[in-house]
Amino acid sequence: MKNKYFEDEDLTQNDLFFVCYMIERVARKTKQHNSYVVNKIGKEKLYHLLSSAQVLHSLNPLQVEEDFINDFNLEFGDFDISNVDKNLCEEIPSATEIGNVYARLIHSISDNYVDEITNVYNSDLCKIIDNYNTSAYYEPSYVLTRAYVNNGF
């Protein structure tokens with residue numbers, strides 16, 4: 001997929017990772033599901049964020065978080081990602097780790113990152129990955145890709 005602003009440049013997996021990482025950070029901060037954040041951003045703005053990722057990456061992530069919340073009119077909810085059974089999940093994976101899980105999954109499916117971000121984050125698999133009482137987020141990328149394509153494990 002081409003960069004929106006520099007048509008001779010392709011979007012990279014690092015651009016995708018940064019956007020997935022920020023989606024995860026913002027969802028955690030606003031106590032919303034990832035799908036809420038993605039849907040509020042919308043495809044056109046996702047394309048802008050992917051195309052601007054190299055610049056945004058150099059900014060303070062706390063400021064980028066605040067900008068996401070304000071620019072996309074995100075509301076605070078009550079979904080607490082850390083509400084897990086401590087016997088099943090001793091440590092919540094970081095936003096960086098989960099951003100990487102999603103970036104690898106999306107990259108493995110298609111190079112049309114905008115459409116696939118929207119599709120993956122709105123899929124049933126996203127609900128399974130984000131349930132840390134399961135171990136789905138630890139699965140290798142090819143297993144998650146197969147689960148996505150087959151609509152389940």
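## Nonpolar core

In this predicted model, the largest nonpolar core has 46 residues. Tyr 102, Ile 106, Ile 117 and Tyr 121 have the most contacts inside this core. Two or more residues come from each of α1, α2 (34–41), α3 (43–56), α4, α5, α6 (113–121), α7 (124–129) and α8 (141–149). The largest share is that of α1, with nine residues.

Ile 117 can be followed through its contacts. Neighbours within four places in sequence aside, Ile 117 touches Leu 16, Val 19, Ile 23, Val 38, Leu 46, Leu 50 and Ile 106. Of these partners, Ile 106 is also listed among the core residues with the most contacts.

## Cavity

The structure holds one cavity of 30 Å³ or more. The volume of the largest cavity is about 60 Å³.

The lining of the largest cavity consists of Glu 24, Ala 27, Arg 28, Lys 31, Gln 32, His 33, Asn 34, Phe 79, Ile 81 and Asp 130.

## Asn 87

Asn 87 lies in the loop between α4 (61–71) and α5 (95–109). Its relative accessible area is 72%, so Asn 87 counts as exposed, the cut-off being over 50%.

Asn 133 is 46 residues away from Asn 87 in sequence, and the C-alpha to C-alpha distance between the two is 8.7 Å.

Definitions and conventions: Residues are numbered from 1 along each chain as its sequence is written. This is a predicted model: local features need pLDDT of at least 70, side-chain atom pairs count only at pLDDT 80 or more; totals for chains, interfaces and linings use all residues. Side-chain values use heavy atoms; hydrogens and water are left out. On a 1 Å grid over the protein atoms alone, a cavity is a set of points where a 1.4 Å probe fits but cannot get out, and a pocket is an open set with protein on both sides within 12 Å along at least five of seven lines; lining residues have an atom within 4 Å of a point. Grid points are joined across faces, edges and corners, and a volume is the space filled by probe spheres set on the points. Helices (H or I, at least four residues) and strands (E, at least two) are DSSP runs, numbered from the N terminus. Buried means under 20% relative accessible area, exposed over 50%, partly exposed in between (1.4 Å probe, protein chains only). A nonpolar core is a set of buried Ala, Val, Leu, Ile, Met, Phe, Trp, Tyr and Cys residues joined through side-chain atoms within 4.5 Å. Contact means heavy atoms within 4.5 Å.
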